[in-house]
Amino acid sequence: MIAKKVRVMVVDDSMLARSLIIKGLSAHPQIEVAGYAINTLDARLKFEQLKPDVMTMDVEMPGMNGIDFLKQFLPEHPVPTILVSSLNLKVFDALSAGPVDFVRKPDAGLGHQESFVQTLTQKVLIAARARPRTLAPATAADASPMALGQSPGLSSVLIGLGASTGGTEATLEVVKRLPADIPPLVIVQHMPPGFTAMYADRLNRLCRMEVREAKNGDELHRGLALVAPADLQLRVVRIGNRYTVSCMPGEKISGHRPSVDCMFRSMADVVQCKMVGIIMTGMGADGADGLLAMRRRGAYTIGQDKESSVVYGMPKEAFERGAVVTQTSCENIANVLIRHLRTL
């Protein structure tokens with residue numbers, strides 16, 4: 001039996017970009033490029049005719065841009081969408097409109113183009129199995145703080161959170177609900193180089209605690225969340241009774257750099273205080289073994305459930321391996337975490 005091909009509609013005003021995307025995707029035996037649109041108006045007119053399984057969408061286009069279009073279009077037509085964007089903060093505004101993932105447009109050079117096509121192809125195949133979700137628009141944290149109080153145990157708790165496909169907005173949904181006095185939080189989100197600093201800045205604007213991109217040697221402390229830099233492996237390091245992070249080049253682990261498994265395993269290996277591990281939406285199994293190692297060391301672990309995951313891959317693998325203590329929805333993870341912390 002021949003598997004049904006994934007039908008893709010390419011939306012981009014650049015003829016060069018369209019040609020590269022169409023040629024690259026068409027080369028994969030499981031993908032059929034159903035057609036293309038040169039702008040958002042063209043996309044709206046052609047969508048019903050082409051009936052794509054997945055759309056690729058440029059962000060910057062003349063007339064209505066990709067962000068405004070998706071905010072209007074996806075609630076009516078929840079087709080899995082991959083953003084194709086330059087290194088631009090607007091990609092995160094666009095992700096809040098409901099796309100599954102994004103790919104950075106290639107720089108000049110054949111090597112960059114080949115890497116771009118390979119990444120886009122992989123993400124299109126993942127998107128075809130994804131569950132598009134329309135989250136509430138990201139806003140600043142509510143005015144009423146959910147203070148944890150000054151329980152002495154909270155100064156000696158470390159939290160690790162890992163996510164991939166669909167995770168940029170899902171992680172925000174969790175972190176924006178947490179109090180300013182949260183115990184130190186380390187985040188690994190699979191993301192292209194250049195975007196992790198902008199993502200950390202966005203979280204910092206929308207959340208109560210301080211959020212920044214991690215740098216090698218940063219010390220972990222209460223009220224701080226660190227986002228692992230793209231293309232580096234982040235590990236938690238213990239120095240006496242202090243904890244810092246190591247952000248260094250290295251081989252991919254579980255197929256990724258940064259790797260959720262790498263971060264979780266480092267916590268299991270060196271952390272001597274209480275720990276919490278959270279695994280969220282994403283394709284594959286990165287983080288499952290590391291979270292299991294954390295649980296075996298006494299950590300409290302939380303997994304995102306199937307219904308709220310864009311891709312129920314990473315949390316499913318972790319759950320099936322016995323790594324997850326509590327499984328719950330994206331919107332409820334913060335509540336579960338806070339309730340646990342208040343028991344410490």
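Leaving aside neighbours within four places in sequence, which residues is Lys274 in contact with? Select Lys274 to begin: its partners are Ser156, Val157, Leu158 and Leu344, where contact means heavy atoms within 4.5 Å.

Before moving on, a word about the model. It is predicted, so local features need pLDDT of at least 70 and side-chain atom pairs count only at pLDDT 80 or more, while totals for chains, interfaces and linings use all residues. Residues are numbered from 1 along each chain as its sequence is written, and side-chain values use heavy atoms, with hydrogens and water left out.

Stay with Lys274, which sits in strand 12 (residues 274-279); strands are DSSP runs of E with at least two residues, and helices are runs of H or I with at least four, numbered from the N terminus. Lys274 is partly exposed, at 46% relative accessible area (buried is under 20%, exposed over 50%, partly exposed in between, using a 1.4 Å probe and protein chains only).

Next, select Gln189 in strand 7 (residues 185-189). Gln189 is buried, with a relative accessible area of 2%. Show Thr168 too: its backbone nitrogen lies 3.4 Å from a polar atom of the Gln189 side chain.

Finally, highlight strand 5 (101-104) and helix 6 (167-175), which each supply at least two lining residues.

Methods
A polar contact is a pair of N or O atoms within 3.5 Å; within protein, one must be able to donate a hydrogen and the other to accept it, and residues adjacent in sequence count only if both atoms are side-chain atoms.
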